[in-house]
Amino acid sequence: MPIGKVHSIDTFSTLDGPGIRTVVFMQGCHLRCKYCQNPDTWNPTTAMAREYSAEETMQVILRSLPYFQASGGGVTFSGGEPLLQAEFVKEVFKRCQEYNIHTAIDTSLYVATETVLDLLPFTKLFLADIKHINNEKSLNLTGANNRCNNENLEMINNKQVEIWIRYVVVPGFTDAEDDLLVMADFISAMDSVTRVDLLPYHSLGSHKWKLLGLKYELDNIDPPSHERMQELKSLVERRSNKQVFIPT
Ligand code: SF4
């Protein structure tokens, strides 16, 4: 049975899918997003992570079953990148299915398509990042090519599993209107995309970079204004015909 390396567990989130959710933050990420708020999740072998079996994880999850049932909530795997520990996620999701618990994965989708395919039968919702629609800018922002992200999104869409897109608006990096229009065109053709979240960049995680001895490159970047976020929301909404939200 696979063992999960878990950074932390939040048993009462309302931001990571529908309803009240238990969020399991997995340890380990292969991207290096310049705006990452959780660089402490990157190292997959850190002694700070705790090992959980699927049974132990279910014990934590089942404590919130009444909240899930009352709110339409469930379980979300986040990170880090949860799909780097896909076998463990699958084991927990299989057990969630037995209790009719809603299952979601918050992922960059910068992983092999086979990994995603394997989890599809157990996953109700993908909270899927688009880091950048332009490949060169994705490389600069995350250190990785966006090709597998785009291919995985199209594959999940074709399999008719629900997707919420998440896109972080970082002034000077991801807020060019031309890029947002290309992204809106890309997702407008996807029937399984039911919602788009535009997340305003903030630097609340920057102290973690410093604690880890890492250079935080976005020190001089201010968060986008409320007005700018509203402009971009309207732009993406008009072009994509999708519901766009700015979660607070
Ligand atoms: S994918 Fe998420 S956890 Fe990984 S570097 Fe990017 S923001 Fe951080």
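Tutor: Around the ligand you will find C29, L31, R32, C33, C36, N38, T41, G79, G80, E81 and S108, where near means a C-beta atom, placed from the backbone, within 6 Å. This is a predicted model, in which local features need pLDDT of at least 70 and side-chain atom pairs pLDDT 80 or more, while totals for chains, interfaces and linings use all residues. Numbering starts from 1 along each chain as its sequence is written.

Student: How many residues of each class make up the shell around the ligand?

Tutor: Four are nonpolar, five polar and two charged. Here Ala, Val, Leu, Ile, Met, Phe, Trp, Tyr, Cys and Pro count as nonpolar, Asp, Glu, Lys and Arg as charged, and the others, Gly among them, as polar.

Student: In what order do the strands of the sheet run?

Tutor: Strands of a sheet pair through backbone hydrogen bonds, either parallel or antiparallel. Here nine strands form an open, mixed sheet in the order 3-1-2-4-5-6-7-8-9. Strands are DSSP runs of E, at least two residues, and helices are runs of H or I, at least four, numbered from the N terminus; pairing takes at least two DSSP bridges.

Student: Why is one side of strand 3 and of strand 9 left without a neighbour?

Tutor: Strand 3 (50–52) and strand 9 (244–245) are at the edges with a single partner strand each, so one side of each has no neighbour in the sheet.

Student: In which sense do strand 1 and strand 2 pair?

Tutor: Strand 1 (residues 4–13) and strand 2 (residues 21–26) are antiparallel, with five bridges; S8 has F25 of strand 2 as its bridge partner.
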